[in-house]
Structures are given as C-alpha cells and as structure tokens.
Amino acid sequence: MYAMMLVCGKVEIRTRGDDVEIFEGVWLVGITDRFKLSEIESVGYFDKPRRDGKKTTHIAIKGRQEFLFGSLLSERRMNYMHDILMQIVRK
C-alpha cells in the first residue's frame, strides 16, 4: 500500500457545514477521518519519530481528538493542505 500511495495516492478534504472528512488512500481504498469543524482547536505540523531515528512530518489537527495525516505529501502539497485547513478553520 505504501508504494501505491507514493505513485497514485491522494488526500482529500471535504467540508459540508460543520462536518469535515479527510480521506487518505488509493482510489476507494483508504482511511476517512470524520470530525466537526467547530471542535478544531489548532492546525499545525507534527514531527513523528520513526524507528530508524529520523522524523516524519504530518499535518496535525487537534481538537477533541488528534488527527495526523499527509506524511507522504511533498513539502509544497503539505503546505498547501495546511494553508487550506487554516482558511477553513478561520471561517
């Protein structure tokens, strides 16, 4: 699955009113996180340590729960997704 995510994976953010969905996967196979926009306290970056001592950067959404996603995005796309989330949260 890791190799497929690198080649043809996607991250989608959908909003409808107060409902937010974030899908990470390949085609229809993946993980969808659902939460309320009103519950988001902060959006930022989180460096998660790996077993080999290096770190993997994720986008972190903190609220009632914490969601980490986007670790396979390029830096440019990760920044874009982060900025979009910041705009959504500010509305």
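## A first look at this chain

Starting at the N terminus, the elements come in the order α-β-β-β-β-β-β-α. The radius of gyration is 13 Å, close to the 12 Å that the globule rule gives for 91 residues, so the chain is as compact as a globular protein of that length. That radius is taken over C-alpha atoms, and the globule rule is 2.2 Å times the number of residues to the power 0.38.

This is a predicted model, where local features need pLDDT of at least 70 and side-chain atom pairs count only at pLDDT 80 or more, while totals for chains, interfaces and linings use all residues. Residues are numbered from 1 along each chain as its sequence is written, and side-chain values use heavy atoms, with hydrogens and water left out.

**The chain as a whole**

- Along its principal axes, the C-alpha trace spans about 35 × 30 × 25 Å.
- Of the 91 residues, 27% count as buried (buried is under 20% relative accessible area, exposed is over 50%, and partly exposed is in between, with a 1.4 Å probe and protein chains only).
- The chain exposes about 6700 Å², and carbon and sulfur atoms supply 50% of that (areas come from the Shrake-Rupley method with a 1.4 Å probe, and for residues only the protein chains shown count as cover).
- Among contacts with a separation of 6 or more, 28% are between residues 24 or more positions apart (a contact means heavy atoms within 4.5 Å).
- There are 16 positive and 13 negative side chains, and the centres of the two sets lie 3 Å apart. Lys and Arg count as positive and Asp and Glu as negative, with His and the chain ends not counted; the place of a charge is NZ of Lys, CZ of Arg, CG of Asp or CD of Glu.

- Strand β1 (residues 10-16) is joined to β2 by seven bridges, and the two run antiparallel (strands pair if DSSP finds at least two bridges between them).
- R16 sits opposite D19 in β2.
- Two residues lie between the strands of this hairpin, where G17 has a positive phi near 65°.

- V20 has F35 in β3 as its bridge partner.
- This hairpin has two residues between its strands, and W27 takes a positive phi near 55° there.
- W27 is a residue other than glycine, yet its phi is positive. For background, most residues other than glycine have a negative phi.
- W27 belongs to the loop between β2 and β3, and it counts as exposed at 58% relative accessibility.

- Strand β4 (residues 42-49) and strand β5 (residues 55-62) are antiparallel partners over eight bridges.
- K48 has T56 in β5 as its bridge partner.
- Five residues lie between the strands here, and G53 takes a positive phi near 90°.

- T56 is in strand β5 and is buried, with a relative accessible area of 17%. Leaving out residues up to four places away in sequence, T56 touches F46, D47, K48, R50 and S71.
- H58 also has its place in strand β5, and it is buried at 11% relative accessible area. With residues up to four places away not counted, the contacts of H58 include Y45, F69 and M78.
- A60 is another residue of strand β5, buried with a relative accessible area of 4%. Beyond four places in sequence, A60 touches S42, V43, G44, F46, F67 and L68.
- A60 and S42 are 18 residues apart along the chain, and their C-alpha atoms are separated by 8.1 Å.

**I40, a buried loop residue**

- I40 is found in the loop between β3 (29-36) and β4, and it is buried, with a relative accessible area of 12%.
- Not counting residues up to four places away in sequence, I40 touches F35, I61, K62, G63 and V89.
- I40 and G30 are ten residues apart along the chain, with their C-alpha atoms separated by 23 Å.

How values were computed:
Helices (H or I, at least four residues) and strands (E, at least two) are DSSP runs, numbered from the N terminus.
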